[in-house]
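I opened my notebook to look up helix packing and salt bridges. Here is the model I worked from.

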Amino acid sequence: MTHVTEDDLDDLEFDTLRTGDHISAARRLSELAESVSGGVSRANVLLRAGEQWQHAGDHARAAELYRRAMEDGGETYGDPRAYLADALFELGRGDEARTLVDQIRADKPRDPEVYRAVAEVLYAQGDATGAHEWATSGADVVLALRDRAVGTGIGGGPDEAPTPDADSLTPGLDDVALAEDSLEALLRLRYRARIDLGRSEDDYDALLDDLLKNS
């Protein structure tokens, strides 16, 4: 067995960004997944391997690794279904991809990064409406956490967005801090989608302006 930590995986991916050799990284991560122990789950390593195959342009292998991560059931960052949907779109299997997106929607995820991932996938496919809905819902997750933790934020969202059940949110300070890290990216993506859709600025866009002014 091989003891692997998140720092080890981060270092490998950093080196890959420098070298651009995504195939070697994908192969190395695939090997590690078969013997990993300790700091990270096998599913997490499989998911990262899939990402490297996708960066290398091999979407079929990426999809295979994402499916294995899902089947493993171990802890991962985000939701493997969002990554699999991305690969399936690239393989021309849009119906399967949208089925996965619908499954994620039905689960009402509490992690704003899941909403960001789905929104980015849909935006890349030219679905500005879907990207807008998912980015809005991700922002609502953050704002609901903020409301429940410190009593601030604008909360709520447009009727069309797949808004999570706010009553299911039980935030701690760490939850809020991590969620806040996602807020700017979600609002930026939402703003791009609104421009594409020809919509005027709203309260969420004003919130983005405030974040940018204070950054």
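**Entry 1: a first residue.** I looked up Arg-68. Arg-68 is partly exposed, with a relative accessible area of 25%. For these words, buried means under 20% relative accessible area, exposed means over 50%, and partly exposed lies in between, with a 1.4 Å probe and protein chains only.

I noted the ground rules. This is a predicted model, where local features need pLDDT of at least 70, side-chain atom pairs count only at pLDDT 80 or more, and totals for chains, interfaces and linings use all residues. Residues are numbered from 1 along each chain as its sequence is written, and side-chain values use heavy atoms, with hydrogens and water left out.

**Entry 2: the partner of Arg-68.** Which side chain meets Arg-68 in a salt bridge? I found Glu-34, at 2.4 Å, N to O. A salt bridge here is a side-chain nitrogen of Lys or Arg within 4 Å of a carboxyl oxygen of Asp or Glu. The pair links distant parts of the chain: Arg-68 is in helix H4, and Glu-34 is in the loop between helix H2 (22-33) and strand E2 (36-37), 34 residues apart. Helices (H or I, at least four residues) and strands (E, at least two) are DSSP runs, numbered from the N terminus.

**Entry 3: other salt bridges.** I searched the whole structure and got 21 salt bridges. One of them joins Arg-48 and Glu-6, with the closest N and O atoms 2.7 Å apart. Arg-48 lies in helix H3 and Glu-6 in helix H1 (residues 6-19), so the pair ties together parts that are 42 residues apart in sequence. Is Arg-48 buried or exposed? Arg-48 is buried, at 7% relative accessible area. Glu-6 is partly exposed, at 33%. I also saw a network of salt bridges that links Glu-6, Asp-10, Glu-13 and Arg-48.

Next I checked Asp-205 and Arg-190. Their side chains meet in a salt bridge of 3.8 Å, N to O. Asp-205 lies in helix H10 (residues 203-214) and Arg-190 in helix H9 (residues 173-197), so this pair ties together parts 15 residues apart in sequence. Both Asp-205 and Arg-190 are buried.

**Entry 4: H3 against H4.** At what angle do the axes of H3 (residues 42-55) and H4 (residues 59-72) cross? They cross at roughly 165° and come within 8 Å. Axes are lines fitted to C-alpha atoms, for helices over the stretch in contact, and angles run from 0 to 180 degrees between N-to-C directions. H3 and H4 are therefore roughly antiparallel to each other (angles over 145 degrees count as this). The residues of the contact of H3 with H4 divide into 9 nonpolar, 3 polar and 5 charged. Ala, Val, Leu, Ile, Met, Phe, Trp, Tyr, Cys and Pro count as nonpolar, Asp, Glu, Lys and Arg as charged, and the others, Gly among them, as polar.

**Entry 5: H2 against H3.** I repeated the check for H2 and H3. Their axes come within 8 Å and cross at roughly 160°. That makes H2 roughly antiparallel to H3. By class, the contact of H2 with H3 has 10 nonpolar, 4 polar and 3 charged residues.

**Entry 6: H5.** How many residues of helix H5 (residues 80-90) are buried? I found 9 of the 11, so H5 is largely enclosed by the rest of the structure. The buried residues include Tyr-83, Leu-84 and Phe-89. Among what covers the buried residues of H5 are H3, H4, helix H6 (94-107) and helix H7 (112-124), where contact means heavy atoms within 4.5 Å. Just after H5, Gly-92 takes a positive phi of about 80°.

Note on methods
Angles under 35 degrees count as roughly parallel, over 145 as roughly antiparallel, 65 to 115 as roughly perpendicular and the rest as oblique.
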